Amino acid sequence: MEKSPLLRPSSFMVGVVDYRGQPISRSSSGGWTSAFFIIGFEIAEGMAYYGISFNLVTYLTGPLNFSTAAAAASVNNWSGVSMLLPFLGAFVADSFLGRYRTIVLASLLYVLGLGFLTLNAVLSIPCSGDQNLTLNSTSCSPAVLQVVLFFLSLYLVAIGGGGHKPCLQAFGADQFDVSDNQERIARSSFFNWLCFGINGGMIASFIALSYVQDNIGWSFGFGIPCAVMGAALLVFLLGSRTYRCYPLEDTSPFIRIGKGLADMFMSRQSSADRSASEVEANDQEQHSGCQSDQDTNFLNALLVHSVNLLCDERIEEAKRMLRLFPIWATCLAYAITFSQNSTFFNKQGGTMDRRIGQSFQIPSATLQSIISIVIVTFIPVYDRVLVPIARNISGLSSGITQLKRIGIGLFVSVIMMVVAALVEKKRIETARKHGLIDQPNATVPMSVLWLLPQYILFGIMGAFGMVGMQEFFYDQVPDALRSLGLAFYLSILGTGNFISGLLVSVIDEITKREGESWFSDNLNQAHLDYFYWLLAGLGAIALVLFVCFAQSYAYKSEYRSV
């Protein structure tokens with residue numbers, strides 16, 4: 001980049017431009033000024049996404065008349081697709097549009113999907129007994145057209161989120177330059193406060209939107225997230241002049257990684273060929289003293305060396321991507337556990353005594369706000385108290401390594417499922433004791449506060465595991481694939497939802513043959529406690545494997561002391 005002699009060399013950042021592609025200075029861009037716009041947008045997206053997803057099972061089993069198992073499978077499938085589509089968004093961003101443009105385009109699709117959901121709820125046809133077009137065998141089911149339009153709108157939201165989620169999170173981290181000591185520390189802190197913002201939006205959605213959806217109507221329940229996302233997009237655009245953007249490379253990083261994989265698998269044969277060529281060249285040199293031949297051999301060797309350096313660089317990038325896979329795979333057990341809060345945890349709470357005082361009753365979906373409250377309470381303590389203490393001890397800018405943070409999250413997830421299994425066993429025993437086994441709609445005389453320990457542990461697990469995975473996958477991929485790194489993180493949650501849905505479907509079929517399903521519509525006859533024990537066991541196995549892989553993992557760059 002050519003610099004004006006009237007400007008200091010540090011006036012413009014190297015390799016960084018503004019949203020229009022023009023050079024940009026460090027002092028007028030990036031940092032926390034830009035990050036606040038991005039975190040604000042993420043708060044709105046968290047409110048919109050979780051305002052839909054965490055009460056979606058209630059909408060499916062209520063207005064759409066799905067069974068509990070079918071509703072849980074549908075929620076898991078949609079959540080899974082929502083977390084896998086970021087691969088598409090990352091590909092578009094890192095290869096064609098760049099992160100800024102992808103965020104804007106994807107957010108428009110997101111708002112459009114929310115708008116269609118609202119319209120669908122407004123125009124929904126009341127259920128009638130003589131309805132012929134039904135989704136299942138019950139006499140009162142919604143029209144098939146209504147269900148189809150609902151899911152089309154829902155998956156349009158997923159497509160928009162596929163571009164919004166990985167790109168916005170990576171774009172936020174891009175605002176901090178790791179070559180600057182203070183900004184490097186700030187970037188690690190950014191992921192903490194990003195999680196804080198997301199969960200702040202979740203709290204708003206649980207407390208406000210759950211109440212609206214349960215007591216006012218789904219039209220407002222979907223309409224409010226639509227309005228919030230639209231307003232947040234406008235605010236995000238207001239901060240455009242402050243954002244740091246990274247120009248796209250001439251060659252798509254995905255193509256380069258693909259070539260690197262091909263080079264890696266062909267390297268052994270290539271090495272053998274090069275060895276044979278070198279032997280032949282040495283023989284020729286011994287029989288010829290011609291200067292021109294020596295010059296030609298020197299130029300050929302120089303060309304071969306340059307090609308080899310390029311191939312080696314591509315191979316190293318490909319190897320680094322492959323080294324992420326064991327960490328990715330062992331985190332799936334965490335994601336399976338993570339998916340339970342929007343399905344069975346929600347249904348559990350709906351069967352218990354949710355009264356506060358004499359008249360107020362807590363909406364079951366609002367219980368999940370406890371998770372976010374724990375996170376927004378814990379994150380400031382972690383970032384401002386625990387990290388500085390750990391930094392003084394370890395000398396690492398982040399306090400502890402990213403993999404240690406993920407490992408703590410995995411450990412807490414196992415403990416959480418053990419607690420959830422014990423509480424569910426207690427709930428079933430209470431229902432049996434009071435003769436409520438055959439009364440699925442009766443309230444079990446057991447306070448919903450019994451669920452408080454598992455929700456608190458869930459929040460701690462999220463503060464460690466989720467934030468650790470975000471930072472790890474952003475930091476450990478090649479620089480040109482930052483969006484893909486966040487897509488890897490999101491795909492863990494998406495794949496976990498799919499596996500959870502598959503487990504539910506398979507176990508449901510098997511247990512129904514032998515008697516009552518573990519996931520019976522009558523939760524008093526179901527055995528969610530068995531399912532929770534199964535997840536605790538899977539999590540324990542995954543934790544052991546994770547520790548083994550983490551001990552041998554080599555970071556892309558060494559952590560720097562402060």
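Predicted model: local features only at pLDDT ≥ 70, side-chain atom pairs only at ≥ 80, totals over all residues.

Reader: What makes Arg99 and Asp174 a salt bridge?

Author: The term asks for a side-chain nitrogen of Lys or Arg within 4 Å of a carboxyl oxygen of Asp or Glu. For Arg99 and Asp174, the closest N and O atoms are 2.6 Å apart. That is within 4 Å, so the pair qualifies.

Reader: Which parts does this pair tie together?

Author: Arg99 lies in helix α5 and Asp174 in helix α6, so the pair ties together parts that are 75 residues apart in sequence. Helices here are DSSP runs (H or I, at least four residues), numbered from the N terminus.

Reader: Are Arg99 and Asp174 buried or exposed?

Author: Buried means under 20% relative accessible area, exposed means over 50%, and partly exposed is in between, using a 1.4 Å probe and protein chains only. Arg99 has 11%, so it counts as buried. Asp174 has 4%, so it is buried too.

Reader: Why are Arg244 and Glu183 called buried?

Author: Arg244 has 1% relative accessibility, so it is buried. Glu183 has a relative accessible area of 12%, so it is buried as well.

Reader: Which residues are linked with them in a network of salt bridges?

Author: The network links Arg26, Asp177, Glu183 and Arg244. The structure holds 13 salt bridges.

Reader: What about Asp18 and Arg20?

Author: They form a salt bridge too, with the closest N and O atoms 3.1 Å apart. Asp18 is at 7% relative accessibility, so it counts as buried. Arg20 is at 49%, so it counts as partly exposed.

Reader: Why is Lys319 called partly exposed?

Author: Its relative accessibility is 34%, so it falls in the partly exposed class. Lys319 lies in helix α10 (residues 291–330). Lys319 and Leu261 are 58 residues apart in sequence and 7.7 Å apart in space, C-alpha to C-alpha.

Reader: How many disulfides are there?

Author: The structure holds 0 disulfides. A disulfide would need a pair of cysteine sulfur atoms within 2.5 Å. Cys167 has 0% relative accessibility, so it is buried. Cys331 also has 0%, so it is buried.

Reader: What makes a space a pocket, and what makes it a cavity?

Author: On a 1 Å grid over the protein atoms alone, a cavity is a set of points where a 1.4 Å probe fits but cannot get out. A pocket is an open set with protein on both sides within 12 Å along at least five of seven lines. Lining residues have an atom within 4 Å of a point.

Reader: Which residues lie nearest the centre of the largest pocket?

Author: They are Arg99, Asp174, Cys245, Tyr246 and Pro247, out of 29 lining residues. About 630 Å³ of space lies in this pocket. α4 (86–97), α5 (99–122) and α6 (144–174) each supply at least two residues of its lining.

Reader: How many cavities are counted?

Author: The count comes to 3 cavities of 30 Å³ or more. About 140 Å³ of space lies in the largest cavity. Of its 13 lining residues, the closest to its centre are Tyr49, Phe54, Ser79, Phe338 and Asn497. α1 (31–53), α3 (68–84) and α16 (482–513) give two or more residues to that lining.

Note on methods
Residues numbered from 1 in each chain as written. Heavy atoms only, no water. Points joined across faces, edges and corners; volume = space filled by probe spheres on them.
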